Amino acid sequence: MTVLYSIRMRAAQGGPHEQGGRHISGAERLVVPAAIAATVTGMVVRALHHSRGRADFINVTVEAVAPTAVRQVALLPVETVPVQDYHAGRAAALARLAAAGVAPAAADQALAALLVLNESMRGAMLVDASTGQRVDTYGQRGVRVTRMDISPDGEQVLRHALRRHGLDNDHVREALVLASKVVSAPGVLAELCWSDDPEYTAGYVATAAGYVRFPHLKPIGSGIGGRVVFLTSSKAAEKSVAYLQNQAVVVVPTADWHIAC
Ligand code: WAQ
Ligand code: MG
């Protein structure tokens, strides 16, 4: 197996993130050496032409990953729950989280934590699925999930299937890969997410059973999005964080992978 390179980009406006810059965009891929240059260029172009604003700080990291360190995980099956508006979407997402075993009060508390943000975070909040308490120590930055990608063959399968449903866009592809990694992490029960791009209102709830999309989880025009990762126990938090941030993962569709609608 050839060496893969982790490529990670984060872009901000008003200076670097660590000096208070506003998060504009981020991306992470795991690619073969021949794809490094084009991937880096694509990420920089994207950061410079983003609907959240033009970045004035862009950091790109390129780092080899030992082939033995790469783990394969299954691509999550996809389903869309049609909802009229974001009120209905949030109610449906909360119901889905409860069905997955997140305590209803904990799901409410996590949703509230996303709604009070006055600026989007760069990463995710990790929350105890029974108490709703935040358990990571990353504050306004959050935990960044990195070092994941879909396999090249898997990407063809995924894009072909998404195209038939009019869903072959960066948001869906990247979120599906990220969520597939997240729910494969030790101690993770579920994830709730919606985009921070003002024109993109969709979000999802992911569990090991699948990726469930809701076309509306926020009002159009809102630049506040976010992610909450629900942990079965706060005792596992350190292990979960280490996996989310560092474990190299290649996502692969299994023979029974499908998009329900
Ligand atoms: N690790 C952790 N958190 C992240 C990461 C990451 N790699 N990337 C983004 N986030 C957090 C961060 O707080 C962002 O503000 C927020 O998630 C939203 O990020 O099926 O586009 O990249 O139609 O804007 C989901 C629905 C789209 C797709 C999600 O997220 C569909 C999306 P964005
Ligand atoms: Mg975004």
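**Note on the predicted single-chain model**

1. Residues are numbered from 1 along each chain as its sequence is written, chains are lettered from A and ligands numbered from 1 in the order in which they are written, and side-chain values use heavy atoms, with hydrogens and water left out.

2. The secondary structure of the chain consists of six helices and 12 strands, where helices (H or I, at least four residues) and strands (E, at least two) are DSSP runs numbered from the N terminus. The radius of gyration is 17 Å, close to the 18 Å given by the globule rule for 261 residues, so the chain is as compact as a globular protein of that length; the radius is taken over C-alpha atoms, and the rule is 2.2 Å times the number of residues to the power 0.38. Along the principal axes, the C-alpha atoms fill a box of roughly 45 × 45 × 40 Å.

3. Of the 261 residues, 51% are buried, meaning under 20% relative accessible area, as against exposed at over 50% and partly exposed in between (1.4 Å probe, protein chains only). Among contacts (heavy atoms within 4.5 Å) between residues at least 6 apart in sequence, 71% join residues at least 24 apart.

4. Strand β12 (residues 248–252) has four of its five residues buried, so it is largely enclosed by the rest of the structure. It runs parallel to β4 (residues 70–74), to which five bridges join it, and it also pairs in the parallel sense with β7 (residues 148–150) over three bridges; two strands pair if DSSP finds at least two bridges between them. V249 in β12 stands opposite R71 and also opposite M148.

5. In helix α6 (residues 237–246), the buried residues are A237, S240, V241, Y243, L244 and Q245. Their cover includes β4, β6 (125–128), α5 (170–182), β11 (226–231) and β12.

6. A colleague checking backbone geometry may look at R147, which lies in the loop between β6 and β7 and has a positive phi of about 65° although it is not a glycine. Most residues other than glycine have a negative phi. R147 counts as buried, at 14% relative accessibility.

Notes:
This is a predicted model: local features need pLDDT of at least 70, side-chain atom pairs count only at pLDDT 80 or more; totals for chains, interfaces and linings use all residues.
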